[in-house]
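Good morning, colleagues. Please turn to the structure on the screen.

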Amino acid sequence: DPDYGINYFNFAYAESEIDKNEEAKKHYTIFIENNPESEDLSAAYNNRGLIYNTQENYKNAIEDYNKAIDIYKTQDEDDIKEAKIRTYNNRAEAYYAWAESIRKEDYETAKKYYKNAVKDWNEVLKLDSDYDIDYFEKAYAENEIGRLKVALKDYTKYLKDTESEVGYNNRGWVYEQLGEFDKAENDYKSALKIEPDYELSINNL
């Protein structure tokens, strides 16, 4: 059947849309193993990576995103730009989530993953400066690797679109680390206007 592989790709996609992730993962794997020359191979790796990410299997997710990105390198940039942006963003999200999951046990490794996430988000923005990345996560990761001024800029971008006590508190903490104590205090107060019982901002004041 000439559509053998394509049907498995479509089947897997449909299954993932209704949260049948184990079945979808299995069928993406069949598609990948049987269609090494398919133009949909990078999409299959990306989509299987998303499933691994949902299952908090960040190592396998990142391995799949790496394979998708390797394929993009062999393709015409104009044809795969949007797909490439999505995969870099997905890999950034996986690195960030992995860092968050291990930071209490292994902070040094977590910092490496935050750095990798930032690198991928920067790649996304290089390809499309208007892409809707998660500026809260990027700001948090930038702060964790000591890039305070970039973190400040990213929190400000995030807060333009989102009224968030956590966002104001975190930006306040960045200001405090930079020695801008009046601005830090204003942000902590802004956080408490949104959530008067927000403990971190109460303590920071």
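I begin with Tyr113: at 16% relative accessibility, this residue counts as buried, a term that means under 20% relative accessible area with a 1.4 Å probe and protein chains only. The model is predicted, so to speak of local features requires pLDDT of at least 70, and side-chain atom pairs count only at pLDDT 80 or more, while totals for chains, interfaces and linings use all residues. Residues are numbered from 1 along each chain as its sequence is written, and side-chain values use heavy atoms, with hydrogens and water left out.

The structure holds 10 aromatic pairs; rings of Phe, Tyr and Trp (its six-membered ring) pair if their centres lie within 6.5 Å, and planes under 30 degrees apart count as stacked, over 60 as edge-to-face and the rest as tilted. The rings of Trp98 and Tyr113 are stacked, because their centres are 4.4 Å apart and their planes stand at 20°.

What is the arrangement of the rings of Tyr114 and Tyr140? That pair is tilted, with centres 6.1 Å apart and planes at 55°. Tyr114 lies in helix α6 and Tyr140 in helix α7 (residues 135-144), 26 residues apart; helices here are DSSP runs (H or I, at least four residues), numbered from the N terminus. Tyr114 is buried, at 0% relative accessibility. Ring pairs also join Tyr96, Tyr114, Trp121 and Tyr140 into a cluster.

Finally, helix α3 (residues 41-54) packs with helix α4 (residues 58-72) at an angle of about 165°, their axes 8 Å apart; axes are lines fitted to C-alpha atoms over the stretch in contact (heavy atoms within 4.5 Å), and angles run from 0 to 180 degrees between N-to-C directions. The two helices are therefore roughly antiparallel, the term for angles over 145 degrees.

How values were computed: Buried < 20%, exposed > 50% of the residue type's maximum accessible area, 1.4 Å probe, protein only. Parallel < 35°, antiparallel > 145°, perpendicular 65-115°, else oblique.
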